[in-house]
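Dear colleague,

Please find below the sequence and structure that I am handing over to you. My account of what was found follows directly after.

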Amino acid sequence: MISPNGSQPQQVPGSDVRVVFSAGGIDRLGELLVAEGAKRVLLVSDPGIRDAGHEERAVRSLYRSGLVVKVFDEVGENPTTIHVGKGVIAARPFGPNVIVGLGGGSAMDCGKGINFLLTNGGKVHDYWGVNKATKPLLPFVAIPTTAGTGSDAQSAALITDPDTHAKMACWDRKALPRLAILDPQLTATQPPRVAAATGIDAIAHAVESSACTKRNDTSRKLSLAAWQLLEGAYERAVNDPSDTVARERMLLGAHLAGAAIENSMLGAAHALANGLTAVCGTVHGVAVGLMLPHVVRFNAAGGDGNPYADLMPDANQLANRLDQLLQAGNLPRHLADVEVKPDQLPEMARIAATQWTATFNPRKVGEAELLSIYQAAF
Ligand SMILES: [Zn+2]
């Protein structure tokens with residue numbers, strides 16, 4: 001679909017995000033941004049990325065190209081309106097004309113959140129929903145340091161309300177990254193647990209988008225291309241972090257899976273994972289990976305044929321393959337493994353039933369069906 005070591009931005013068919021896919025691409029950030037018309041750059045990142053040295057590489061490249069830079073690197077995991085607010089306070093007197101998000105999903109989503117408030121005013125709640133911004137946003141450039149969320153291919157920012165703990169999904173086509181820099185050198189420093197959890201999340205994005213009710217010709221091609229890259233590379237990437245080719249495939253696969261979601265949607269595994277995370281605090285990728293094979297088996301038993309036929313001719317074979325991948329990543333496969341108690345399941349099912357993604361699952365699910373999947377996963 002696109003080739004590694006492309007030093008110029010490439011167009012991914014079916015996506016409006018241009019991609020620079022190159023080892024060491026971060027060192028060319030400055031020249032790439034100059035080509036986009038950048039003068040004053042806000043770099044949004046987090047303390048882990050600073051400690052890994054990625055932030056310094058980015059800043060050096062920006063300085064070499066004569067750009068004026070402001071760093072905001074106080075983003076935390078699952079960014080809240082407080083992180084976004086702090087970023088806006090840092091950014092407003094500086095007056096950037098480009099925003100860069102460098103990090104995992106949290107830094108990229110926070111960068112998008114800052115972009116909304118800086119250009120359109122108000123508070124994050126005003127952008128909760130679809131296409132709420134009325135004025136143009138600043139150009140946004142995404143540089144992922146994990147192969148997982150696919151936020152680098154998406155127009156949504158997920159920002160948490162710290163009071164209600166609601167995850168507000170702010171979707172806006174104007175928030176779509178103009179450019180994504182996929183640099184496999186940046187994912188070499190991920191801890192193995194992070195690589196395993198974010199990688200299985202990317203796999204779940206490919207699997208769920210391939211079968212959801214909003215799928216279409218464009219999204220199906222993206223889901224399949226993502227699945228082929230990710231399924232073939234996951235075991236190698238988690239077993240040997242020095243395997244550059246496997247990391248390259250994971251990074252591109254995660255981006256394409258994100259583009260597949262941008263063109264379609266997800267399904268019940270994400271709804272169930274959100275219920276699990278809300279009640280037990282389980283990390284997103286771990287929760288999604290745990291639920292996914294159970295959801296595939298549930299959907300395959302619906303009597304409507306195999307909704308995952310694009311990826312594998314037999315859905316049970318697909319579920320077994322996902323179990324193998326979870327084992328390779330040393331990830332839990334049952335709710336009892338993450339210390340869920342049986343009496344917590346009804347509350348989790350109640351929350352899962354409120355999740356938007358559940359409505360796009362290929363087999364209809366309500367609270368009772370979601371509870372039955374949790375029970376099967378126990
Ligand atoms: Zn996910």
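Predicted model: local features only at pLDDT ≥ 70, side-chain atom pairs only at ≥ 80, totals over all residues.

**Findings**

The buried residues of α3, which spans residues 54–64, are His-54, Glu-55, Ala-58, Val-59, Ser-61 and Leu-62. They cover an arc of only 160 degrees around the axis, and therefore lie on the same side of α3. In an α-helix there are 3.6 residues a turn, so residues three or four places apart point the same way. The partners against which the buried residues of α3 pack are α1 (29–35), β3, α2 (47–51), β4 and β5. Just after α3, Gly-66 adopts a positive phi of about 75 degrees.

Next, the sheet. Seven strands make up an open sheet with mixed pairing, in the order β1-β2-β10-β7-β5-β3-β4.

Strand β3 pairs with β4 in the parallel sense over five bridges, and Leu-43 stands opposite Val-71 in β4. With β5, strand β3 pairs in the parallel sense over four bridges; here Val-41 stands opposite Val-98 in β5. Four of the five residues of β3 are buried, so this strand is largely enclosed by the rest of the structure. Strand β5 (residues 98–103) also pairs with β7 (residues 140–144), in the parallel sense and over five bridges. In that pairing, Val-100 stands opposite Val-141 in β7.

Helix α5 (residues 105–120) lies across β3 (40–44), β4, β5 and β7, and runs at about 160 degrees to β5. Helix α8 (residues 244–263) lies across β2 (18–21), β7 and β10 (179–182), and runs at about 160 degrees to β10.

The model also contains a zinc ion, whose protein donors are Asp-201 (OD), His-205 (NE2), His-270 (NE2) and His-284 (NE2), at 2.1 to 2.2 Å from the ion. Asp-201 belongs to helix α6 (residues 192–211) and His-270 to helix α9 (residues 268–280), so this pair ties together parts that are 69 residues apart in sequence. Along the chain, the donors follow the spacing D-x3-H-x64-H-x13-H. The angles subtended by the four donor atoms around the zinc ion run from 86 to 164 degrees, which makes the arrangement irregular. Asp-201 is buried, with a relative accessible area of 3%, and His-270 is likewise buried, at 5%.

Asn-78 has a positive phi of about 50 degrees although it is not a glycine. Asn-78 is located in the loop between β4 and α4 (81–91) and is partly exposed, with a relative accessible area of 41%. Asn-330, also not a glycine, has a positive phi near 60 degrees. The loop between α11 (315–328) and α12 (345–352) holds Asn-330, and this residue counts as exposed at 66% relative accessibility.

With kind regards

Key
Residues numbered from 1 in each chain as written. Heavy atoms only, no water. Pairing = 2+ DSSP bridges. Helix = DSSP H or I, 4+ residues; strand = E, 2+ residues; numbered from the N terminus. Contact = heavy atoms within 4.5 Å. Axes fitted to C-alpha atoms, helices over the stretch in contact; angles between N-to-C directions. Buried < 20%, exposed > 50% of the residue type's maximum accessible area, 1.4 Å probe, protein only. Arc of directions from axis to C-beta. Donors = N, O, S within 2.8 Å, 3.2 Å for Na, K, Ca; no water. Tetrahedral: all angles 85-135°; square planar, octahedral: opposite > 155°, others 65-115°.
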